Amino acid sequence: MSIPEATDADRAEVERTGDLPDGSAMSAVGRLAATVERLRHEVRAAQAEADGRALIELAKGILVERLGCGPTQAARQLDELAEQANVPRIQLAVEIINQAAHDRLSDVTRTFLAATADPPVPDDTAPAVRLRAAESGALAADDTQAVADSLLQHALTPLGAVAVAIWAAGSDGSLTLAGSAGFAADEAGRWRYVPPGVATVARRALSERTTLWTGSLASTGLPTIGHAEYRDGGRVAVPAGSGGRIHGVLEIAWPSVLERQSPQVVRQVEALAELCSHTLETNAVPHDGHGAPGSADLAELVDLVDGLHDPALVLMPHLDDHGRLADFRIRHVNSRFLDPAGRPRGTVQGALLLEAYPMVAGDSDLFQHIERVYATGEPFRARRMDLTALVDQVPLPAVADINVSRHGRCVLLIWRIEDETARLASLLQHAQRLGRIGGFEENLLTGDITWNSTLFDLYGRSPAGVPVPLEELAAHAHPDDAVTIGRFLRTVLHHRRPATAAFRLQHPDHVTRHIRVVAEPVLDADDRLFVVRGAYQDISAQHWTEVALAVTRDQLAHTEQQAHERNRLTLQLQHAIMPPTQAPLQAPGLEVAVRYRPAETEQLVGGDWYDAVVLPSRLVLLCVGDVAGHGIEAATSMVVLRNALRGLAVTGAGPGQLLTWLNIVAHHLTGGVTATAVCGLYDPRRRTLRWARAGHLAPVLVRGAEAGSLPLLKGMLLGAVPEAKFEEDEVQLAVGDTLLMYTDGLVERRDRSLEESLSQLLSAARTTSSTLDHQLDRLLTYSRSDTDDDTCIVGIQVE
């Protein structure tokens with residue numbers, strides 16, 4: 001039973017008499033519902049009156065200014081104009097405000113009506129009224145939460161939005177949820193703080209400093225508030241800022257996919273973000289009431305800058321006539337700063353940055369980095385940045401370590417100049433020390449010899465000792481190197497050409513070092529030899545490394561020869577037992593074909609094996625197996641298991657018992673190897689196959705155009721435990737059936753699961769072939785295995 005919607009007359013009658021229109025008495029629940037409905041109506045009316053009161057008073061003020069009248073006359077004039085235009089007084093008030101303001105909100109209200117839902121809203125809630133009411137609520141609100149409620153109620157609900165979040169940006173790059181509406185309370189609690197560096201929708205809009213429109217939240221791949229509830233809905237994130245500084249982000253959620261919006265709607269949303277920036281700036285940034293940092297804060301920053309040992313500038317934003325960031329004014333420079341043009345510090349202080357140093361907006365993009373730091377609060381640091389345009393008193397190239405940070409509404413720029421000459425000298429000293437290079441200069445006319453400290457250390461002498469002349473070099477070298485040193489001295493001193501030599505230097509303590517010496521003669525204006533310059537380098541480590549490399553090279557060649565011989569023997573053993581091609585097995589009523597494909601890499605000789613033999617009982621033994629590992633150990637273990645299974649099969653035992661015995665062999669008699677296997681006994685008279693498995697893949701039965709794996713029987717791999725039992729099963733085959741037994745090298749792939757690979761094998765097996773040999777060859781050819789493992793296939797076709 002449904003209760004019809006009450007009319008206004010019904011509600012009035014109920015409120016007056018407490019009875020229903022037909023005269024019957026109202027129940028207690030009905031009276032309560034009527035009371036709730038009346039209170040809800042009163043609340044809506046009170047809210048509308050409160051929202052409109054501020055707008056009406058503002059319109060009165062505009063009329064007082066334009067008409068030059070008093071407040072009472074302005075109120076009477078507003079009422080008369082509204083009556084003449086036949087529009088509500090609040091709507092006329094908003095029109096007066098829009099005409100007087102000519103601001104961004106005035107522009108977007110003209111297109112707001114086209115974006116709102118049908119049917120049209122009543123006159124007292126017209127689009128212009130909604131936007132101005134949202135603006136009034138944002139400016140009058142004492143906290144950001146009230147701003148979020150006002151935006152959603154007045155401006156965003158008509159656009160189809162269901163939730164809004166206002167994020168405050170911290171100076172450390174963090175985001176704090178300053179206010180939200182439309183999201184669950186627990187969801188807002190979870191998202192009250194986003195640490196620096198965490199990628200969210202709002203973070204991306206803040207970092208890129210641009211409005212981010214996404215048709216579906218899921219397409220961004222970014223987390224954000226309400227991502228579970230509105231995952232498939234649209235999402236918009238708008239940086240909220242003014243004067244070049246971003247105070248936070250306005251984020252709006254839609255319940256469904258958001259279509260591409262018109263430029264007018266985009267401007268409207270950006271205008272709403274400007275409303276949010278006012279509250280964010282008022283609540284987050286302390287100032288002196290004029291948009292500038294307090295004098296106490298600026299004084300503290302100046303004191304900090306004056307105590308630094310590096311050049312630093314304190315910058316303040318400079319806005320143009322439209323309130324946009326145009327430049328930065330240099331409010332203070334410390335005593336470490338040197339102007340490139342030689343101007344006094346007092347001349348630079350107070351000037352605009354781009355006027356004083358226009359090249360900072362050039363290749364280095366320093367100005368863009370300063371803009372970004374001021375907008376987002378995220379500090380900027382760079383190593384070895386080109387600052388030639390700013391500090392060209394330093395020899396080119398001028399590089400520096402840069403640090404840009406925001407402090408309130410100030411930006412602090414600090415740099416540390418890198419002295420290229422000192423840096424190169426330091427690098428040279430480090431290179432000489434690390435390379436153990438000692439320099440010398442010997443004046444042949446005066447006999448003066450200059451050594452650096454490294455050369456004294458190479459000779460094993462005290463720095464207070466006397467340097468050794470070149471002519472006495474042979475006395476400090478190994479006797480066997482006398483000829484080499486003599487040739488070196490004749491080239492330098494007699495032929496006056498640069499020369500180099502390697503010799504063994506002997507210390508007084510009988511320690512021998514391997515040294516390379518390089519020297520060049522210096523001639524005077526009369527072409528006479530008067531100075532020899534050069535360097536000694538300790539190459540002992542290099543010498544012994546070369547000796548060790550020679551020994552290692554010989555050992556490696558010997559090892560490679562052994563490995564090659566070992567691999568050759570392994571391949572011979574494997575091919576002797578299981579040749580890649582084998583003559584077909586002659587069995588009554590059965591065609592058997594086998595294929596074996598070794599691994600492509602010869603060093604990975606594996607332990608795959610197969611067998612197909614007619615037993616004395618006329619039963620046919622069919623099996624495949626895979627021994628764990630590679631190399632000669634795996635090959636020899638494979639031979640042991642294969643031959644053992646052949647011998648055990650002569651006893652007439654079933655496949656389950658054969659695997660039980662084979663498990664004992666693997667565990668006790670082969671050094672503890674592990675292996676997998678499938679063993680089957682085919683009876684040609686009954687066309688039945690009894691089979692069992694030990695951790696191996698089940699055989700595949702192909703019947704007509706269908707192919708499927710046999711049921712997976714219980715049975716663990718061979719050699720894992722001392723004793724194991726293996727389950728048996730019997731399969732009835734028919735004429736034309738094909739049974740495939742194979743190892744995992746046929747199907748295993750690195751990039752997909754075993755189930756997917758088996759599905760591909762079954763699809764390939766369903767394709768009919770003219771002969772069994774052709775079918776096995778095709779399976780090997782089109783195998784998608786990529787593990788480079790051995791592969792065995794045994795195919796059995798009933799005739």
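A cavity, on a 1 Å grid over the protein atoms alone, is a set of points where a 1.4 Å probe fits but cannot get out, and its lining residues have an atom within 4 Å of a point. Grid points are joined across faces, edges and corners, and a volume is the space filled by probe spheres set on the points.

The structure above is a predicted model, in which local features need pLDDT of at least 70 and side-chain atom pairs count only at pLDDT 80 or more, while totals for chains, interfaces and linings use all residues. Residues are numbered from 1 along each chain as its sequence is written, and side-chain values use heavy atoms, with hydrogens and water left out.

Searching the whole structure turns up one cavity of 30 Å³ or more, and the volume of the largest cavity is about 30 Å³. Around it stand Phe440, Glu442, Ile449, Trp451, Val468, Pro469, Leu470 and Tyr536. Two or more of these lining residues come from each of strand E12 (437–443) and strand E13 (449–451); strands here are DSSP runs of E with at least two residues, helices are runs of H or I with at least four, and both are numbered from the N terminus.

Now move along to strand E21, residues 675–683. Nine of its nine residues are buried, meaning under 20% relative accessible area with a 1.4 Å probe, protein chains only. In a regular strand the side chains alternate between the two faces of the sheet. In E21, Ala675, Ala677, Cys679, Leu681 and Asp683 point one way, and Thr676, Val678, Gly680 and Tyr682 the other.

E21 has partners too, where pairing takes at least two DSSP bridges between two strands. Eight bridges link it, antiparallel, to strand E20 (residues 620–630), with Val627 bridged to Ala675. Four residues lie between the strands of the E21 and E22 hairpin, where Arg687 takes a positive phi near 55 degrees.

Methods:
Buried means under 20% relative accessible area, exposed over 50%, partly exposed in between (1.4 Å probe, protein chains only). On a 1 Å grid over the protein atoms alone, a cavity is a set of points where a 1.4 Å probe fits but cannot get out, and a pocket is an open set with protein on both sides within 12 Å along at least five of seven lines; lining residues have an atom within 4 Å of a point.
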